[in-house]
Each structure stands twice: as C-alpha cells, then as structure tokens.
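Student: I would like to go through a structure feature by feature. Could you give the general idea each time, and then the case at hand?

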Amino acid sequence: MQKNQTLVRRLATLALIPVAAFIGLALAAAPAEAAPVSTATLQTQIVKLSNTQRVKAGCKALKVNTNLLRAARGHSKYMATSGSFSHTGARNSTFVTRAKNAGYTAARSENIAYGYRSAAEVVNAWMKSPGHRANLLDCGAKTFAVGVIYASNGNPYYTQDFGSR
C-alpha cells in the first residue's frame, strides 16, 4: 500500500483556480530523484530558464518580485517540512492569500513541483504540462518568483508564483 501511495503522490497533478480578477491555473508536477544543488542556484537557474521559454514564445521576460519570492519560499518550506504536496498551505492558505500576506496584492497563478534534480528538469516538466505551460507562458504576467527548499531527506520542493504587476 505504501508503494502505491508513493506512486500516486509522485504522479499527482493538482489544479487550483483562484478567485481573482484573472482566473489563473495552478498546478503541480511529478518529481524525480534530487541532486544536492544550492537553493539560490536552483532558483536563479529556474528564473533564467523560465524567462528563456517566455521570450521564445513571444512574451517578455519577467522580473523577480521579492514579495512573491517570500511567498514562494514560504510555501516550499511548508511543503518540505510538513511532507505535503499541495497548493493548500499552512492554515489552509491559497497562493493568493500567501502572496497578500507577503505584501503582494496581484497574485496570478502558481506552479509547484518536488523532487526534480535540476532546474532544467523542473522547467521541462512544467513546459510539458498544459497548465504549467499556460502559467509560464502567460504574457499577462508581469513579475514572478521561484522558491526552492530542501526537505530533511534532501528532496527539493519548488513553488513558482506569478503576479500581475
């Protein structure tokens, strides 16, 4: 039973549609084994690779917003320490609530993932998933941030939050 639960969790794809002026998609991606890379390095690489994909698709590159970064890292930390893998965070928070609590009032969408060994793997996985791809290539987004936190077992948890201003 434990093996089946692990498989189901690894294959989980979650969607959350925010109640906001813009209806955005929020999804989760399936993982692979993790390699030890610093969180700062992973975050920087994911930002660069995400912006490369955006520009290739005709969208503008996004700037990192420090408030969204605080929200994204906070949610990744919650997932890594609680062992949960969900868009629902501490105290049943949504990504919109977490962004507001971090001082950002125009949250647009969120991608989450866990376990990928590199920035390239997680961005490639998001680009292969229709919902993640829609979030990444949403030309209406103006800012974003990526938060990466390692769980005690070395598994990285990723949160990518997008905003409208």
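Student: Which side chains meet Asp138 and Arg108 in a salt bridge, or do the two meet each other, and at what N to O distance?

Tutor: Side chains of opposite charge can pair when their charged atoms come close. In this predicted model, the side chains of Asp138 and Arg108 form a salt bridge with each other, at 2.5 Å from N to O. The bridge ties together distant parts of the chain: Asp138 lies in the loop between α6 and β4, Arg108 in strand β3, and 30 residues separate them.

Student: Are Asp138 and Arg108 buried or exposed?

Tutor: Both Asp138 and Arg108 are buried.

Student: How many salt bridges are counted?

Tutor: The count is three. Another one pairs Glu110 with Arg98, at 3.0 Å from N to O. Here too distant parts of the chain are linked: Glu110 belongs to strand β3 (residues 107-114) and Arg98 to helix α4 (residues 95-101), twelve residues apart.

Student: Why does Glu110 count as buried?

Tutor: Burial is read from relative accessible area, and the cut-off is under 20%. Glu110 has 0% relative accessibility, so Glu110 counts as buried. Arg98, with a relative accessible area of 10%, is buried as well.

Student: What about Glu121 and Arg117?

Tutor: Their side chains also meet in a salt bridge, with an N to O distance of 2.6 Å. Glu121 is partly exposed at 23% relative accessibility, and Arg117 is partly exposed at 41%.

Student: How many disulfides are there, and which residues are joined?

Tutor: There is one disulfide. Cys59 is joined to Cys139, with an S to S distance of 1.9 Å. Cys59 sits in the loop between α2 (39-56) and β2 (63-64), and Cys139 in the loop between α6 (130-136) and β4 (143-150); the two are 80 residues apart, in distant parts of the chain.

Student: Why is the disulfide called left-handed?

Tutor: Handedness is read from the torsion about the S-S bond; for Cys59 and Cys139 the torsion is about -75°, so the disulfide is left-handed. As for accessibility, Cys59 is buried at 6%, whereas Cys139 is partly exposed at 41%.

Student: What is the secondary structure of the protein?

Tutor: The protein has six helices and five strands. Along the sequence they follow the pattern α-β-α-β-α-α-β-α-α-β-β.

Student: What share of the contacts joins residues at least 24 apart?

Tutor: Of the contacts between residues at least 6 apart in sequence, 72% join residues at least 24 apart. Buried residues account for 48% of the 165 residues.

Technical notes. Residues are numbered from 1 along each chain as its sequence is written. This is a predicted model: local features need pLDDT of at least 70, side-chain atom pairs count only at pLDDT 80 or more; totals for chains, interfaces and linings use all residues. Side-chain values use heavy atoms; hydrogens and water are left out. A disulfide is a pair of cysteine sulfur atoms within 2.5 Å. Helices (H or I, at least four residues) and strands (E, at least two) are DSSP runs, numbered from the N terminus. Buried means under 20% relative accessible area, exposed over 50%, partly exposed in between (1.4 Å probe, protein chains only). Contact means heavy atoms within 4.5 Å. A salt bridge is a side-chain nitrogen of Lys or Arg within 4 Å of a carboxyl oxygen of Asp or Glu.
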